Amino acid sequence: MNARRWFRQFAVRGVFWRRYLDFGVTNVPIYLRTVMIVLWTCFFFFFAAPARRAILSNLAVILPGSSRLANYARAWLTLFHFAWTISDAADHKLARTEFAYEVEGEEFLDQLAAARGAILLTAHMGNYDLGAALFAQRYQRELHVVRAPEEDPATARHLDESLERASGGGVKVAYNTSATALPLELLNALRSGEIVSVQGDRAMPAVSQRKAWLFGEVVRLPDGPFILALVAGTPIYPLFIWRTGFHHYKILTLPPFHCHRAGDSREAAVEAALATWCRTLESVVRRNWSQWFSLVPIFPSR
Amino acid sequence: MKSRGYLFALPRLLARLAGYEVCRAELSAWEVYGFGVFVFTMACVVAGWAIWPFVRPGFVILLPIAVWVAFLLLYYVNFLLAQLLRRLGFYTAVTNNPLQHFVIMALMTLLAAWLIVAGNPWLRSLGVFWCALVALNLLALALLKILHAP
């Protein structure tokens, strides 16, 4: 291993911290975790400057008129929640810790679980990894999770293994890259009645995306989920999971919407579905800004 | 009847005496938030008192960071100890948390005993408070065993 690669593992998104998290979950008594998480949050608040700046710029849009100082405190709180959620996900994977959760929109969750092909549209919010594992376990259904690729391949491998282990093999991870094979693979999965989970709040470069309005600002969001829904004729279920307390989560499932052509052009259908998703995302993020873990800038004008 | 879950035996016994149905759990928020802060604060107080004659007063600001680093080292040493005990077949728990808990509690009790012996009246009362908590918790544990409670 050359020196550059060796040092890369200690970068903020490097695999070292993921492995250290596993170490912490299996070695730090539960009552000391809060203190440790507070201290590690302070550490990353200072050293993960790009993530901190991204949260600050997103908060300035979500909460217009808020003071910069208050937003620093909010950014710290967001990182604190992020630390708890990844710690809980590791806890579930390694120690099989049970989590309490309440479901809002249970009828839609049951519909989703029974659906023959559906898109689960979510955001980088709360504990989406834990949510996917819980869903796969609760309904004994396989879930295809599309993720943004990790910068560090070792981190990506670690995350894949973690998710598959936590869900007992019920979650299959696919990476959202420019590869043309992935949309076809997902379309086949949908047509054969499976569920595909996509995070629709951040567009990666070189991935199909289009202009949308979020919190009154122009953003680029992925349009892949809507094109897939249009082609496969499957419903889109917005689903979010966020932390409400120590080992407690809330799952919110909203009524499904469709991406129908209905006489309009394909473009108009996709844009209408994207607009519906943006309004949904706005209402959920506005209520849970401290658990929107969009650690990259979303709003280009900021 | 409403069921309550606690990690430590003392609140389990107190809740039982208050008429609640109790279980052993890791879901009590006040233990997670409150007790952890108490343990860490006590470690900071002991460390501050021990190093006070040797450092400039400004160092006190860095004390939580120094104690944090000390805790990280302690976790690692305990991890190595757990590895050794696992190899020898003396330790079989899924995680190292029980061993870490035992070592941390034993160390904190030793520090509390040191405060009782050598500290000023305020620190002595802190040491007495800790030792009383540990003794009451052990007593509660024994009582719950006798009562065949969870």
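Helices and strands here are DSSP runs, numbered from the N terminus. The model is predicted.

**Figure 1. Chain B, its elements in order.** Chain B holds 5 helices and 2 strands. Along the sequence they follow the pattern β-α-β-α-α-α-α. Taken along the principal axes, the C-alpha atoms of chain B fill a box of roughly 55 × 40 × 25 Å. Of the 150 residues in chain B, 19% are buried. Consider the contacts in chain B between residues at least 6 apart in sequence: 36% of these join residues at least 24 apart.

**Figure 2. Helices α4(B) and α5(B), packed together.** The view shows α4(B) against helix α5, residues 121-146 of chain B. Their axes are 7 Å apart and meet at an angle of about 140 degrees. That angle makes α4(B) oblique to α5(B), because only angles over 145 degrees count as roughly antiparallel. The crossing of the two helices, α4(B) and α5(B), is left-handed. From α4(B), the contact takes B:Met108, B:Thr109, B:Ala112, B:Ala113, B:Leu115 and B:Ile116. From α5(B) come B:Leu123, B:Arg124, B:Leu126, B:Gly127, B:Val128, B:Trp130, B:Cys131 and B:Val134. By class, this contact of α4(B) with α5(B) has 11 nonpolar, 2 polar and 1 charged residues.

**Figure 3. The contact between chain A and chain B.** Chain A puts 16 residues into the contact, and chain B puts in 23. On the side of chain B that touches chain A, the elements giving two or more residues are α2 (29-51), α3 (63-87) and α4 (97-118). Helix α2(B) gives the most to this side, with 9 residues. Sorted by class, the side of chain B that touches chain A has 14 nonpolar, 7 polar and 2 charged residues.

**Figure 4. Strand β1(A) beside strand β9(A).** Strand β1 spans residues 100-104 of chain A. Its partner here is strand β9, residues 248-253 of chain A. The two strands run parallel and are joined by 5 bridges. One pair to find in this view is A:Glu104, which stands opposite A:Leu252 in β9(A). Is β1(A) largely in the open or buried? Of its 5 residues, the number buried is 0, so β1(A) lies largely in the open. A residue counts as buried if 20 or more other C-beta atoms lie within 10 Å of its own.

How values were computed
Residues are numbered from 1 along each chain as its sequence is written. Chains are lettered from A and ligands numbered from 1 in the order in which they are written. This is a predicted model: local features need pLDDT of at least 70, side-chain atom pairs count only at pLDDT 80 or more; totals for chains, interfaces and linings use all residues. A residue is buried if 20 or more other C-beta atoms lie within 10 Å of its own, exposed if 12 or fewer, and partly exposed in between; C-beta atoms are placed from the backbone. Helices (H or I, at least four residues) and strands (E, at least two) are DSSP runs, numbered from the N terminus. Two strands pair if DSSP finds at least two bridges between them. Two residues are in contact if their C-beta atoms, placed from the backbone, lie within 7 Å. Ala, Val, Leu, Ile, Met, Phe, Trp, Tyr, Cys and Pro count as nonpolar, Asp, Glu, Lys and Arg as charged, and the others, Gly among them, as polar. Axes are lines fitted to C-alpha atoms, for helices over the stretch in contact, and angles run from 0 to 180 degrees between N-to-C directions. Angles under 35 degrees count as roughly parallel, over 145 as roughly antiparallel, 65 to 115 as roughly perpendicular and the rest as oblique. A crossing is left-handed if the near helix is turned anticlockwise from the far one by less than a right angle, and right-handed if clockwise.
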